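This report describes a protein model with a ligand. Please look at the sequence and the structure first.

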Amino acid sequence: KWGLDTEWLGNTIIHKEQTTSTQHIAHQAAQNGAAHGTIIVADEQTQGKGRLQRPWHSAKNLGIWLSIIIRPSILPYLAPQLTLMTATVLADVLHNKGIEPKIKWPNDILINQSKVAGILTEMQAEQDQIQYIVIGIGMNVNHKQHDLPEDVNRKATSLTIETNKSWDINKLIQDILKQFEDTYADYIDNGFIDIKKNWENYGFRIGKPIYISTLKEKWAGKFLGIAEDGALLTTDKNGDTCKIYSADIDWLV
Ligand code: BT5
């Protein structure tokens with residue numbers, strides 16, 4: 001049915017017409033032993049989620065609401081690299097279709113400065129061993145403006161709004177999973193180096209001023225790039241270089 005062109009990714013696909021969140025189903029499946037490469041995909045989510053329990057708007061049949069279970073043998077502290085890797089996967093797929101996406105650290109894909117997709121990476125680890133990671137991908141595809149949420153931190157958009165045509169969601173899923181499998185193979189074989197380079201081609205605001213908000217504070221810094229481990233490299237309040245692992249960034253437009 002799905003017509004995938006992959007070797008291991010999506011060998012098991014759990015499809016739900018409607019579910020709370022594909023992340024939720026993925027955690028359950030992974031805890032019950034679901035294989036590396038299992039995919040959960042929904043036509044509609046009633047409780048789609050972003051980072052920090054924020055809601056993710058997931059309208060019926062209009063977008064890609066998908067979670068991937070992987071079981072990599074990497075150290076847990078490197079898991080944020082997989083968010084950045086997935087962002088390059090989505091950016092490459094869109095780029096290959098003639099769209100010019102940007103990646104906003106850590107997990108947003110933008111087209112014309114509006115958010116078209118987001119990534120949510122969740123990990124289950126014990127000490128230095130990863131049990132599994134769930135990578136959630138949400139992409140607005142065939143939404144018209146009125147199908148999108150308005151109470152969003154950054155203006156939302158969809159592929160249809162940006163390109164004035166409708167898209168085949170199944171084909172996009174095929175392309176994303178193929179690109180994910182290829183990029184993941186490179187990551188496992190060669191580490192983060194190629195991905196970092198590719199990320200920096202798409203990275204939004206590199207070299208420019210940004211606002212950084214962590215749970216504790218907010219300040220203005222300069223976006224210096226990303227570190228080998230996937231952290232954000234920026235300047236702190238004293239102008240010294242620092243590494244940030246978890247934050248939201250923004251900028252003046
Ligand atoms: C994200 O979080 O961007 C991660 C989104 C991951 C969604 C996928 S869908 C499949 C899987 N199952 C799930 O339940 N989740 C994953 P974050 O950076 O925290 O951004 C969340 C913010 O984006 C919200 O607070 C809104 O402001 C905004 N937002 C919500 N829905 C949106 C949408 N459809 N398009 C654009 N922006 C949206």
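## Basis

The model is predicted, with local features requiring pLDDT of at least 70 and side-chain atom pairs counting only at pLDDT 80 or more, while totals for chains, interfaces and linings use all residues. Residue numbers start from 1 along each chain as its sequence is written.

## Domains

The protein chain is assigned domain 1 (13-202) and domain 2 (209-250); such bounds come from an automatic or database domain assignment. Taken over C-alpha atoms, the centres of domain 1 and domain 2 are separated by 23 Å. Between them, 11 residues of domain 1 are in contact with 8 residues of domain 2, where contact requires C-beta atoms, placed from the backbone, to lie within 7 Å. On the side of domain 1 that touches domain 2, α2 (80-95) and α5 (193-202) each supply at least two residues. Helices (H or I, at least four residues) and strands (E, at least two) are DSSP runs, numbered from the N terminus. That side of domain 1 has 7 nonpolar, 1 polar and 3 charged residues. In this classification Ala, Val, Leu, Ile, Met, Phe, Trp, Tyr, Cys and Pro are nonpolar, Asp, Glu, Lys and Arg are charged, and the others, Gly among them, are polar.

## The sheet of seven strands

An open sheet of 7 strands has the order β1-β2-β3-β7-β6-β5-β4, with mixed pairing. Its edge strands are β1 (13-19) and β4 (102-104), each of which pairs on one side only. From one strand to the next the twist averages 20°. Angles run from 0 to 180 degrees between N-to-C directions, and axes are lines fitted to C-alpha atoms, for helices over the stretch in contact. Two strands pair if DSSP finds at least two bridges between them. Strands of a sheet pair through backbone hydrogen bonds, either parallel or antiparallel.

| Strands | Bridges |
|---|---|
| β2 (39-45) and β3 | 4 bridges |
| β3 and β7 | 8 bridges |
| β6 and β7 | 10 bridges |
| β8 (209-213) and β13 | 3 bridges |

Residue partners can be given for these pairs. A42 stands opposite W65 in β3, and I64 stands opposite M139 in β7. Q124 has Y132 in β7 as its bridge partner. Helix α1 packs on the sheet and touches β1, β2, β3, β6 and β7, its direction making about 20° with that of β3.

How many residues of β3 are buried? In β3, 8 of its 8 residues are buried, a term that requires 20 or more other C-beta atoms within 10 Å of a residue's own; 12 or fewer count as exposed and values in between as partly exposed, with C-beta atoms placed from the backbone. G63, W65, S67 and I69 point one way from β3, whereas I64, L66, I68 and I70 point the other way, and all are buried.

## The sheet of three strands

A second open sheet has 3 strands in the order β9-β8-β13, with antiparallel pairing. Here β9 (218-222) and β13 (248-250) are the edge strands, and each pairs on one side only. On average, neighbouring strands of this sheet are turned by 30° against each other, direction ignored. The bridge partner of Y211 in β13 is D250.

## Ligand shell

Around the ligand there are 30 residues, the closest being S21, G50, G118, G136 and G138. A residue is placed in this shell if its C-beta atom, placed from the backbone, lies within 6 Å of the molecule. At least two shell residues each come from α1 (22-31), β3 (63-70), β6 (114-126) and β7 (129-140). By class, the shell has 10 nonpolar, 15 polar and 5 charged residues.

## Two residues

I64 is located in strand β3. I64 counts as buried because it has 21 C-beta neighbours inside 10 Å. Leaving aside neighbours within four places in sequence, I64 is in contact with I137, G138, M139, V141, I169, L172 and I173. C-alpha to C-alpha, I64 and I111 are 16 Å apart in space and 47 residues apart in sequence.

Q31 lies in helix α1. Why does Q31 count as exposed? Q31 has 11 C-beta neighbours inside 10 Å, and therefore counts as exposed. Q31 and Q131 are 8.8 Å apart in space, C-alpha to C-alpha, and 100 residues apart in sequence.

Notes:
Contact = placed C-beta atoms within 7 Å.
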